[in-house]
Amino acid sequence: MAFSINKSQDGTKVVLAIQGNIDEDANFTPPDLGSSSAIVLDLEEVTAINSVGIREWIKWVKTLPASLPLSVRRCPKIIVDQINMVAGFLPQGAVVESFYVPYYSDASGNEKMVLFENGKEFKGGDVHPPNEVKDETGEVMEMDVIESKYFKFLKNG
């Protein structure tokens, strides 16, 4: 999927929806923020990221005004992995509003991404997963991550 950044307004916040592969072809340009009070990066449609993309991403987020609160939402697993592994992937003070957690059912072989939202499934450094997640066949699913590693970024924030 070709890389793109689509800008929209959510009240006084500017929302930058990032789509596609974050790699050597990703063209990060400084967004026109107008009189926005905050920046929200919606990362749901990010499909891949490589080492060059990580470097370009970090350079780009450093160009965002430090005076505006920055948050990220709907982070796919590939982004959560980078937040956990790469120092400075998110600037100091950035807030994670929501992220996806992979679930898997041994019985059916189905996979599902479950959105965890700040204040619901996680708050502060604590994670409160749903009591039960079922796939479309009704089979109970289990979290398909090593929790101590996957949720590490919540403890560090």
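Arg-74 lies in the loop that links β4 (70-73) to α2 (77-85), where helices (H or I, at least four residues) and strands (E, at least two) are DSSP runs numbered from the N terminus. Although Arg-74 is not a glycine, its phi is positive, at about 55 degrees. Its relative accessibility is 30%, so Arg-74 counts as partly exposed; buried means under 20% relative accessible area, exposed over 50%, and partly exposed in between (1.4 Å probe, protein chains only).

The model is predicted, so local features need pLDDT of at least 70 and side-chain atom pairs count only at pLDDT 80 or more, while totals for chains, interfaces and linings use all residues. Residues are numbered from 1 along each chain as its sequence is written, and side-chain values use heavy atoms, with hydrogens and water left out.

Turning to the whole chain, the secondary structure consists of 4 helices and 11 strands. The radius of gyration is 16 Å, close to the 15 Å from the globule rule for 157 residues, so the protein chain is as compact as a globular protein of that length. That radius is taken over C-alpha atoms, and the rule is 2.2 Å times the number of residues to the power 0.38. Along the principal axes, the C-alpha atoms fill a box of roughly 50 × 30 × 30 Å. Of the 157 residues, 39% are buried. Among contacts (heavy atoms within 4.5 Å) with a separation of 6 or more, 64% come from residues 24 or more positions apart.

Strand β1 (residues 4-10) runs antiparallel to strand β2 (residues 13-22), with 7 bridges between them. Ile-5 has Ile-18 of β2 as its bridge partner. This hairpin has 2 residues between its strands, and Gly-11 takes a positive phi near 65 degrees there. On to the next partner: β2 is joined in parallel to strand β3 (residues 38-49) by 9 bridges, with Lys-13 opposite Ala-38 in β3.

A further group of 4 strands forms an open sheet in the order β7-β6-β11-β10, with antiparallel pairing. Its edges are β7 (111-117) and β10 (133-134), each of which has a single partner strand, so one side of each is left without a neighbour in the sheet. Strand β6 (residues 98-104) meets β7 through 7 bridges in the antiparallel sense, and Tyr-103 stands opposite Lys-112 in β7.

Methods:
Two strands pair if DSSP finds at least two bridges between them.
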